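Thanks for making the time. I have a few notes on one model, so let me put it on the screen.

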Amino acid sequence: MTMAPTPALTEFQARRDRLGRLRDELHRLGLPATMIRLRHDRWLLKLTTISVLCAGAEGAYVFVTPSGQILSSAGDAQISAMARRLAGPRRP
């Protein structure tokens, strides 16, 4: 008998997946980023100058700093825009 995942576990998974997609987009742009697992299934995306968390529940997610500053919505279309904003201006 298999048990269905609890809503809390699916929320943790959704936030981790969004951070993973942001990390993949940053890698594609050439910016190093590392995902770090914190306590209680929380994940942190560490860049050289900023740390990013994913917060939210029930399908509404945002990227925030550890101090609580909202950076961007975590929707599919906003992930690539957020990565470009974090990458900053292109250097020649």
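Glu 25 is in contact with Ile 79, Ser 80 and Ala 83, leaving aside its neighbours within four places in sequence. Keep in mind that this is a predicted model. Glu 25 belongs to helix H1, which covers residues 7-28. Buried or exposed? Glu 25 counts as buried, because its relative accessibility is 16% and the cut-off for buried is under 20%. The side chain of Glu 25 also makes a polar contact, at 2.5 Å, with the side chain of Arg 28.

Next, Val 52. This residue sits in strand E3, residues 51-57. Val 52 has a relative accessible area of 0%, so it is buried. Which residues does Val 52 contact, once neighbours within four places in sequence are left aside? The list is Leu 19, Leu 22, Trp 43, Leu 44, Leu 45, Leu 47, Phe 63, Val 64, Leu 71 and Leu 86. One distance to note: Val 52 and Val 62 are ten residues apart along the chain, and their C-alpha atoms are 10.0 Å apart.

Phe 63, one of the contacts of Val 52, takes us to the last item. Phe 63 has Ser 72 in E5 as its bridge partner. Strand E4, residues 60-64, and strand E5, residues 70-73, run antiparallel and are joined by three bridges. How many residues lie between E4 and E5 in the hairpin? There are five, and in that turn Gly 68 has a positive phi of about 105 degrees.

That is what I have for today.

Key:
Residues numbered from 1 in each chain as written. Predicted model: local features only at pLDDT ≥ 70, side-chain atom pairs only at ≥ 80, totals over all residues. Heavy atoms only, no water. Helix = DSSP H or I, 4+ residues; strand = E, 2+ residues; numbered from the N terminus. Buried < 20%, exposed > 50% of the residue type's maximum accessible area, 1.4 Å probe, protein only. Contact = heavy atoms within 4.5 Å. Polar contact = N/O pair within 3.5 Å; in protein donor to acceptor, adjacent residues only side chain to side chain. Pairing = 2+ DSSP bridges.
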